[in-house]
Amino acid sequence: MTLLWIPLLPLLGVLVPALTGSRGRLLCTLATACLPAVALALTLSYLPAIEAGNIPRAGLEWVPQIGLDLAFRLDGLSLLFNLLILGIGLLIILYAHYYLDASENYAKFYAYLILFMASMVGIAMADNLLVLWMFWELTSLSSFLLIGFWSHRSEARKGARMAMTVTGAGGLALLAGLLLLGDIVGSLDMQVVLDSGATILADSRYPIMLVLVLLGAFAKSAQFPFHFWLPHAMAAPTPVSAYLHSATMVKAGIFLMARLHPAIAGSELWSAIVTVVGIVTMVYAAWFALIKADLKGILAFSTVSHLGLITVLLGIGSPMAVLAALFHILNHATFKAALFMCSGIIDHEAGTRDLARLGRLAKAMPITCIVMSITGAAMAGFPLLNGFISKEMFFTETLDSQAFGGLSLVLPVLATIGGVLSVAYSIRLVHAVFFAEPRHAPPKAPHEPPHLMRAPSELLATLCILVGLFPAVMATWLLAPAVAAVLLEPLDFHLAIWHGFNLPLAMSVVATLAGLTTYLLHRKIRQFVRDFPPRDASRIFEGVVQTIGDRAERITEWFDNASLQRFMTLLLGASLIAGAVGLARMDALTGAKGNQPVDGVLLVGALLLIFTGIGTAITHRHRLISLLMLSVVGLLVSLTFARFSAPDLALTQLSVEVVTMILLMLALFFLPQKTPRESTPARALRDLLLCMGLGGVIAGLNYTVLTRDTESISQFFLDNSVPGGGGHNVVNVILVDFRGFDTLGEITVLAIAGLAIFKLLNRLRLFMPHSDSEGRIWAPDRYPMILTTISQTVLPLALLVSVFIFLRGHNQPGGGFIAGLITAVGLLLVYMARGVAWTQQRLDFPYQPVAILGVGVAALTGFGSWLFGAPFLTSSFGHFHIPLIGDIELATAMLFDLGVYLAVVGATLMILANLGKVTTPHRPAKEDHDQGSVEQGLHRTAAPSDGKETV
Amino acid sequence: MEMLYAITTGVLAASGLYLMLRGRTFPVVVGLTLLSYATNLFLFSMGGLTAGGSAIIDGKSHYSDPLPQALVLTAIVIGFAMTAFAVILAMRARGDMGNDHVDGRKAEDKEERR
């Protein structure tokens, strides 16, 4: 199980910088390096076992239903990559310590870096296709964070977004490919997949799967035509570039191709696609590397080019080609990391990466010059350096390849051209920076960096030489297990510097000489290139992104033109279509239950309802009349409830009706009395047809339900109401007991609505008309005597009635909702008769706490049942004998109902009393001092609020 | 009777929806209220139409369905809260924008936004 710690330790390491970030930079760096170092040591400790031919594997079951196990393996390939990821990662941590400014958030940077490292280790060690994919996506995410680390720069944001889009889209293709692969094999387990190469190649879905997997790999490894994100990712801090583009991120695609090599390679399709894409990428990117003027730009394109080289080798796929590919992965990581670090040092010390402003730095930075010359020569493939050996192997393999059939010469020729360009840009990189005369002076006087900042690149340059001189000693121990992991069998090979005079050597010589010539001519080449308009893939990418955005916006604007009427029309039209389609076969939906007979009262009531309903709509321009019509509708609805055996509903509807009408009347006072004619006849007709259609759908739906036999779950409530809930009024028992939790939610909504209205009315200033729309002055008698007298008489009665209704609610029609509404109506009558000011003096308390108290009481009643070990809102009841009053049945549900009562009273009065205050000089906002004393009944225009908080 | 009930519900809903498609806030609030009446009637009828019964346990066997009643009872109260919120929002919009159009637009920029 120690194996699991290798990916786990870096993952835990993400927290280390966050925890030590405030303890100083040095400590933070050291602490950050600890866990990766341990992981590296652990990896190496498995070397003997791997060399002996074992493959250590470990895993935990995760989602067995889909075959997803959190499984890891450490074979030779994983070992090689772990070494690169963790080893170069440690060097990068050291380098970044000096590279980042003291003012920058280094802890965040390290955290991202370690996250990235952990996800790369996860890819390298994944033993399950889905685990591999998840870490793959994690690298996309963490590289997004790293590339966009300097988020204040537009190019960093753009570069990060582009990398994310391209690699993320590739990741989706890869997911599809891997799932298909898992489906073909029948398992997501890596070992099973690797062992069933023959099955996979024979499957008819193989071509689709291969293309999907390769899309993912090519997008990640920046192969043509997805290469364009990589140069833009250079907006990242240089340590990130050095890490992502030498050893890790872009190698993930290569790794995937190597990892799945036994399973999916070996077909003609594979070698055709992979070889062609690789060689095109190699030459194309090498050309751009030659003409770039930015140090990191050259390195970026050279990276793409070298990745193309490795891809070609994997496409050829012979055992020696695989060996060469793995060897070049190692070599490229070594020299490219060093080159990136050197370019970062130059940028850091000279203040620019522009080749036009750099030159003759050899004197000021002699050691950096040596390091960069060595690693640059390794990149060019000069003898006695590691790059030479792998390049010779590459040339040999291109000569042996049969990928192009009759055109077999094409590959070596293109490979040589790539080699020529590679030599040319490598020479240019070193010569232009260190030896050529600069055209402009650099912004800073260059000097050598701190020694430890140089140390990582010096170490890597030394490795370039050592591997170049003693390839067998330095590299065989690492490469042999890796090759064995890819080929599934050990390969007997010998790495040597000298193979005698042969064709590959001739190709190297040609490449070197021609490369030198090309460099001498490169000014002319660049002049020549400048005549062509830049046709950058990134521009196309940005253009496509822009176009998609514009289109999406246009579509959204069509739907969302900020018009409620448009939304409503679309919504209603859609529901009409959905409903009409559903009701198309109404005959089949209608049940067998016949119509009950209609009596005269019912008919009159229904006709009245229809008449007033339509009347409300027709008279809507005369708002008061429309409102009166509406009140009749409400009253008739209440009678309908009474007619069909729902006394509770009738009572509720009646009291709500009263409150609603008062509210709407009051609101209408502040709003225009008439609606202007705005809709065109065509529009009105359209709306009319739409509504008639919907009305028909609703009526049809209602009718079909009513004619069917009802199999209700209500029998349970009827049976259990008395024995279980202790109440005879089943509706009330359902509300406060069976479905008490719903009711709790509903009174909470009510209280929230009240609070929202309270807030909306805050500091609201409205024009108060002194006359109605016809110009008649409002009645001078503001508080009519009769109303005043009656209201004062009614209030105690109303309160008494509400207590009665409340108490009997459990057994007879009534309950908290109705009692609350009756209390509210009684109080509102006083408000109306006496005015807000008068009532306020006598009833001086805010209603918000009442509403909140109500919700609180109801909730506490629910919690109370916990004290007795029962679930939330369990009720209990019993009969009590109270002297003088007699036997009484009390239930805890009554306490809950009290909460409902309080919430209803509080919320209703919060809404109406606060609205009423708007009509008085004592508005709920601050007092009108700023306006002077304005008498009631005069014109009052909206005054801007002055921003003071109100209490 | 069922047919009559269904037609009434449909008419109320259609009237409410027509008002909700108007361009000024007050008719929309009235329409909303009308629609909630129709919805409540619709919901209420889901237990069937029972005349002469009740949902009080008193030894009789002819009970009306209590469950839709309980649902509609809270729906009425919540409907009130919603109407209140909408109408106060309309008032606030008028106070802040100076007009009572549902989109809060001023009369003069109506043309250009069409």
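Modeller: Please bear in mind that this is a predicted model.

Biologist: What makes B:Asp100 and A:Arg623 a salt bridge?

Modeller: The rule asks for a side-chain nitrogen of Lys or Arg within 4 Å of a carboxyl oxygen of Asp or Glu. The side chains of B:Asp100 and A:Arg623 meet at 2.9 Å, N to O. That value lies within the 4 Å cut-off, and therefore the pair is called a salt bridge. Between chain A and chain B the count is 2 salt bridges.

Biologist: How is the extent of the interface between chain A and chain B expressed, and what is the area buried?

Modeller: The size of an interface is often given as the accessible area lost when the parts come together. Here about 8600 Å² is buried between chain A and chain B, and carbon and sulfur atoms give 76% of that area. In terms of contacts, 103 residues of chain A touch 81 residues of chain B, where contact means heavy atoms within 4.5 Å.

Biologist: Let us turn to the aromatic rings. How many aromatic pairs are there over all chains?

Modeller: The count comes to 19 aromatic pairs.

Biologist: Why is the pair of A:Phe116 and A:Tyr243 called edge-to-face?

Modeller: Ring centres must lie within 6.5 Å to pair, and planes over 60 degrees apart count as edge-to-face. The centres of A:Phe116 and A:Tyr243 are 5.8 Å apart and their planes stand at 70 degrees, so the pair is edge-to-face.

Biologist: Which parts of chain A does this pair tie together?

Modeller: A:Phe116 lies in helix α6 (residues 106–125) of chain A and A:Tyr243 in helix α13 (residues 238–247) of chain A, so the pair ties together parts that are 127 residues apart in sequence.

Biologist: Where in chain B is confidence lowest, and where is it highest?

Modeller: In chain B, helix α4 (residues 110–113) has the lowest confidence, at a mean of 44, and helix α2 (residues 25–44) the highest, at 94. Over residues 107–114 of chain B, pLDDT stays under 50. Where pLDDT is low, the predicted coordinates should not be read in detail.

Key. Residues numbered from 1 in each chain as written. Chains lettered and ligands numbered in written order. Predicted model: local features only at pLDDT ≥ 70, side-chain atom pairs only at ≥ 80, totals over all residues. Heavy atoms only, no water. pLDDT = per-residue confidence, 0-100. Helix = DSSP H or I, 4+ residues; strand = E, 2+ residues; numbered from the N terminus. Buried area = accessible area lost by both parts, 1.4 Å probe. Phe/Tyr/Trp six-rings, centres within 6.5 Å; stacked < 30°, edge-to-face > 60°.
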